[in-house]
Structure formats: structure tokens, C-alpha cells
Amino acid sequence: MIYKKRLQGILIAGSVAIATPVFADTPSAAMLSNTCAGCHGTNGNSHGPATPTIAGISSEYFIEAMQQYKSGERPATIMGRIAKGYSEEEIKLMAGYFATQKMVRAAQEIDSSMAKKGMKMHEKYCEKCHEDGGRSSEDDAGILAGQWMPYLHYTMSDFLDGKREMPKKMKKKVEELQAKGGGDAVDALIQFYGSQK
Amino acid sequence: MSNFNRRDFLKLSGGAAALASGLGFSSFAIGGAKKKVVVVGGGIGGATAAKYIRMADASIEVTVIEPNANYHTCFMSNEVLGGERSIDSIRFGYAGLQAHGVNVVQDSVTAIDANARTVTTAGGKSFSYDRCIVSPGVDFRYEAIEGYDSTVAESIPHAWKAGPQTVTLRKQLEAMKDGGTVVITSPPNPFRCPPGPYERASLIAHYLKQHKPKSKVIILDAKGSFAKQGLFIAGWEKHYGYNSDNAMIEWHGTPDGSKDNVLQSVDAKSRTAKTEFNTISADVLNVIPAQKAGKIAFIAGLTNDSGWCPVDLKTFESTIHKNIHVIGDSAVQSPMPKSGYAANSEAKVCAAAVVALLNEMATPQPSYVNTCYSVIAPGDAISVAAVYDYGEVMDKEGKPTGKMGIRSVKGAGGLTPGYADTTMDMRAREELYAHSWFKNITHDVFG
């Protein structure tokens, strides 16, 4: 598998290689990414109500999510079964594709007083990693601003029920949020992210 | 400018580049005429192909010829029958395609001439093409059922193409008395939407349970087994008393080698369905006939003895007629099922191949996907998924066959876990994801 190693080398070295097929057997990034559109929307912009938008998310986040779906580390209804259908190379190609798509933030019905409270919670407990009001897609953080709220609810309930492991820093902050923010703190946060344009 | 021909113009203006850069003579086109694609059928396959060709190469002129002004999706039409969804919510127009620069013509294709590369319509029009994409969906083998044809189907609906018949069947269910019997006859393989008849039974039973609890649904099935069978039966036991004295769903199959519950005849007056094993008079009768490729595929000579269209699975080009591609339910696309999502996925592979061929480039390596959601009851949905690639097909023993085709990627895909291995919260999520799939795929096709 010399080819495989070389491909990984190229992909790690730079994103230039992503745009062109490396060898004939691997479909192009666009070909692979088009298979996601039925559930995640054309070019990864979801029309909701629950499937998340994946346009604009960082390569790092996409790859980690797909690996965790593959291994079962991240709970899922269907994504575990789907993720297993793609090789590491293919996942990297798709990651590169979606990272360059422009995210369209979801238009959702918002409880504005909850969103207001959520903004304060965000600034206090979340902004350090989920920068720019949850808009950041710089690193391994998913885009939260303008994401579909039912998806955010599912994600948070999996974290809180212990079905999915939180990163250490997140765990500490979420515990603080729950202890000091009141019973509706998580819901308020989700309303805040959902309200972001 | 009367003596000023195109050649002179190109000389004066510095050639093709200047012509292309906005002088407004777009009808001249570069290097010969503009490339033309004609798409026959504006369903899931046809509409997706048209849109994705335009997205990839806006210099290609794409015309979709479709007899109806709107398309009703077959998927989610069972929720209309169950009263959970309006018929309007599954109706889509073609304004979205037009916004992508697709020429949409409301007409019926009556002939495709593969040698002259022309498509003719009932409206007397003729369209020339460089590549034609045929996506006509399924047609019904009425001849296999005595006493049933397209006229009878208006009162004893198949509702296997959504639209007016979906509304008729819903009205019949609403008018039925409590204690009535609904009979669904399920067709032999292969047919459009393999889990569809069983989702239909589920959602009709859900409606009856709420409004007419003494009623029941009987499925007379031409097969010995069906898609997602274990999950459906567990769901029917949970929600509809399956296998009990108060069962609201009964399933009568046809073991291999027998013809037990293959529908033989229908008596329209008494709404009676007759198989070798059962003769049942129904209050509401839903006949889903055996199927074959859409009519135009036969007229154009694109079908083989199976009644479906053989294609090269890398490009979906017909193996019978060059320059004509067949996608969706009419194509032989095994192991992919005849589903809406499969048609959408095949259309994208076909669109990429057509764009490459028209630009004299190598056809791309395909990637395909399918997911079929079924709702057993509100809050309880299941799915089957698969990811496919293209390569050498192996036989059952895993030995190479030398034939290229679609392969289900090993270790991926499969079914929703049974109740013992999941939670109702996850089943409810599947329902919301099913509805999300519906929103997204319909935007992907028609938006």
C-alpha cells in the first residue's frame, strides 16, 4: 500500500492535492460529497429540521466526527452505518470539500428571551473554545451558530447522558453551567446558537 | 452586417476567447453548436440529473420533458394515506430547475430516435440531443391481473405513483366504516420502494387504530419475505397487535415455489382480490401491481427480456443504444434498490459522466448511496442504508467475476437495530431524520 501512504502524505502536507483525484479508484471530492446531499442538503446546507448543516465545518472536525461514527464512539442513528462506507482517504476528500462550502445559517423559530439568557451563558462558559458566538470553524469545534436546534438538542443530551464523551475542558464548563446556570441553561444556550445569523 | 459572416467576425474580434467574453453572440457557441442534453421525465432521477449537469457545466443546454406540471413524491405519500401529512406537502413544481437554467417542457415523449438523436413529443415537437437521459420511473404489468387496468385503478387505486390516486385512497379510508377490511396486494420483486407496502400497512393501521379500531389491514403478498421484515413485524407486534387475536395487520406471504398469494384477479364491483389461496372482499382495496420499466423505455427499445433497461453502471449509458442514459427505477441497477434516494444518487453519477463525455474527458469514478426510511408509527421509524462503489463484482464465494458493476461497501450500511438494542428516543430521532431527509432531498432535486 505504498500509494495509500503517499496519499496521506500529500494530504497532510497541503490541501492542494484535495482538488484533483489522486488515483483512478478514488472518486473525486465532489462525487463523494454529493452522496451526502440527500440528508445534509445540496453542498451540505441542510433545510432541517434535524439533520445538521455540514457546509463550512473544519476538515479537522469532519474527519474526527466520521472516525468517531465509524468506531461507534459517537452515538448515532444512521451515521455509524454510513461512515463505515468510506475510506480514510475518501473522508479526507469530503472534509476538504465541505470546509470550502459556505454555511447558510438556518432560519428557525426562536424564543428570544431564552436566546438572551443563552447569550450570557455562552459568553461565560463556551466562548473560549466556540469562538465568535459559536461561528468559529477554525479547529476541532463544530459550528454552533445557526445550526439546527433539534440536532443541538440531540448532541447535548448524548453528552449529558454520558453516551458521548465530552472533551475535558468542555466537561468542566458544562458542569459549571448546569450548577450555576439553572435548569434551563442548556436549552437557553441552544436557543442562542439557533438564533445566530 | 449582411456580408459579415461568423468567420469574419471571429477574425476581427480576435477569435473565440473574445467571443466568449461577453460580446453577446452566445448563440454562435465555441467549437460548434452548444452541447444539448434532453432529459425524459421530471421525477427524482430526471430532475436531479438536469440540475447537477447545469451546476457542473452551465454551458450545456438542458431540456426536461415532463407531462405533468407538478411532481408528487412517492416517498412520504404513505403519511398522506395515514392522515399525518397533506398532499400539498409532497407536491413540487419546476421553478427551481428553471432557476438553474433548465428548459422545462410540459409534454409527453412519444419517441426517441437513437440514430438521429432526436426526441419527439405528443405536442408535435422535436428536440435534438448530444446525450439523452431517460428517467421514466415504473410502469405496471396490468396484464398479469385479470380484471385490473389503468381505468379500474381510478376507483381501486394502486397509489404507487403519488398524486390523484393517493387522494382517492385516503378518501376511501376516511369513508370506510369501523370494522372494515383494507386489503393491500404487494407485488413480486423487483418493484419501486421495497419497504413501501409495509410502511403503508403500518400507517393505515395507525390511522385505523385511532379512528376505526375494529378494522384491519390484510396484506396479500406475492413474495415469501420482504424488506426490513424483522423490524416491521416487531413494530406491528408493538403497535398493532400483530399475531394476536386483535391483530390490526395480517400478512399472507407466498413461499418460494408456490403461487399462494400472488394476485390473480380483481372483481372491481365487489372489491374482491383473488389469489390461489385467498379470496377476500375488501372495503378498501389497494392493488400494487407487478412492475416494469416506464413506457417510453419500451418504445425506445431500451429494455431487455426482463422488462428493465440494462446500463453501464459507471455512466448509466444504455448498453443497447449509445448516447442514451437510463437512470432511476427503469434501470437495472442492482444491488441498489428502486428507491427515490437511489435515483437521486444515480442521477448525480450519470450527470458527472455526461458532463465529462460532452467535454471529451474521462468519465469519473462513481460513488453512490441509498437510505430508505420507513415510519411504523409516529415516533417510531426505521431505516436501511448502504454505501456503494464501482469496481469488479465478486460472486457469492467472493471470487472475481471479471464484470464491472456497483458493489455494496462491505462492513457498511444495514438496518436500524431492533427494539432490544435501541431506545424509543433513537427511534423518534429516526423519524425526525426521515422528515429531514424528505426536506433535504426534495430541495436537492427540485430546489
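Predicted model: local features only at pLDDT ≥ 70, side-chain atom pairs only at ≥ 80, totals over all residues.
View 1. Read along its sequence, chain A follows the pattern α-α-α-α-α-α-α-α-α-α-α. Of the 197 residues of chain A, 53% are classed as buried. Where contacts in chain A link residues at least 6 apart in sequence, 71% of these contacts join residues at least 24 apart.

**View 2. Packing of helix 6 against helix 7 in chain B.** Helix 6 (residues 164–175) and helix 7 (residues 196–211) of chain B pack at an angle of about 35 degrees, and their axes lie 11 Å apart. The crossing of helix 6 of chain B past helix 7 of chain B is right-handed. Helix 6 of chain B contributes Leu169(B), Arg170(B), Leu173(B) and Glu174(B), which meet Arg200(B), Ile204(B) and Tyr207(B) of helix 7 of chain B. By class, the residues of this contact are four nonpolar, no polar and three charged.

**View 3. Surroundings of Thr166(B).** Thr166(B) is a residue of helix 6 of chain B. Its relative accessible area is 1%, and Thr166(B) is therefore classed as buried, the limit being under 20%. Leaving aside residues up to four places away in sequence, Thr166(B) touches Ser77(B), Val80(B), Leu81(B), Ile87(B), Ala159(B) and Lys161(B).

**View 4. A parallel sheet in chain B.** Four strands of chain B form an open sheet in the order 13-12-11-17, with parallel pairing. Strand 13 (249–252) and strand 17 (284–287) of chain B are the edge strands, each pairing on one side only. On average, and with direction ignored, neighbouring strands of this sheet are turned by 15 degrees against each other. Strand 12 (residues 216–221) of chain B is joined to strand 13 of chain B by four bridges, and the two run parallel. Opposite Ile219(B) stands Trp251(B) of strand 13 of chain B.

View 5. In soluble globular proteins, nonpolar side chains tend to be buried together. The largest nonpolar core in this model has 126 residues, of which Ile112(B) and Val119(B) touch the most other members. Helix 10 (residues 340–358) of chain B gives the most to this core, supplying ten residues. Not counting residues up to four places away in sequence, Ile112(B) touches Val40(B), Thr118(B), Val119(B), Tyr129(B), Cys132(B), Val134(B), Ile296(B), Ala300(B) and Ile324(B). A second, separate core has 49 residues, among them Ala153(B), Ala159(B), Ile219(B) and Ala377(B).

**View 6. Packing of helix 3 against helix 10 in chain B.** Helix 3 (residues 44–56) of chain B packs with helix 10 of chain B at an angle of about 35 degrees, with 8 Å between the axes. Helix 3 of chain B passes helix 10 of chain B in a right-handed crossing. From helix 3 of chain B, the contact includes Ile44(B), Gly45(B), Thr48(B) and Ala49(B), as well as Tyr52(B), Ile53(B) and Ala56(B). Helix 10 of chain B supplies residues including Gly340(B), Ala343(B), Asn344(B), Ala347(B) and Lys348(B). The residues of this contact comprise ten nonpolar, four polar and one charged.

**View 7. An antiparallel hairpin in chain B.** Strand 21 (residues 380–394) and strand 22 (residues 400–408) of chain B run antiparallel and are joined by six bridges. The bridge partner of Glu392(B) in strand 22 of chain B is Met404(B). This hairpin has five residues between the strands, and Gly398(B) takes a positive phi near 85 degrees.

Conventions. Residues numbered from 1 in each chain as written. Chains lettered and ligands numbered in written order. Heavy atoms only, no water. Axes fitted to C-alpha atoms, helices over the stretch in contact; angles between N-to-C directions. Left-handed = near helix turned anticlockwise from the far one by under 90°. Contact = heavy atoms within 4.5 Å. Nonpolar A, V, L, I, M, F, W, Y, C, P; charged D, E, K, R; others polar. Pairing = 2+ DSSP bridges. Buried < 20%, exposed > 50% of the residue type's maximum accessible area, 1.4 Å probe, protein only. Core = buried A, V, L, I, M, F, W, Y, C linked by side-chain atoms within 4.5 Å.
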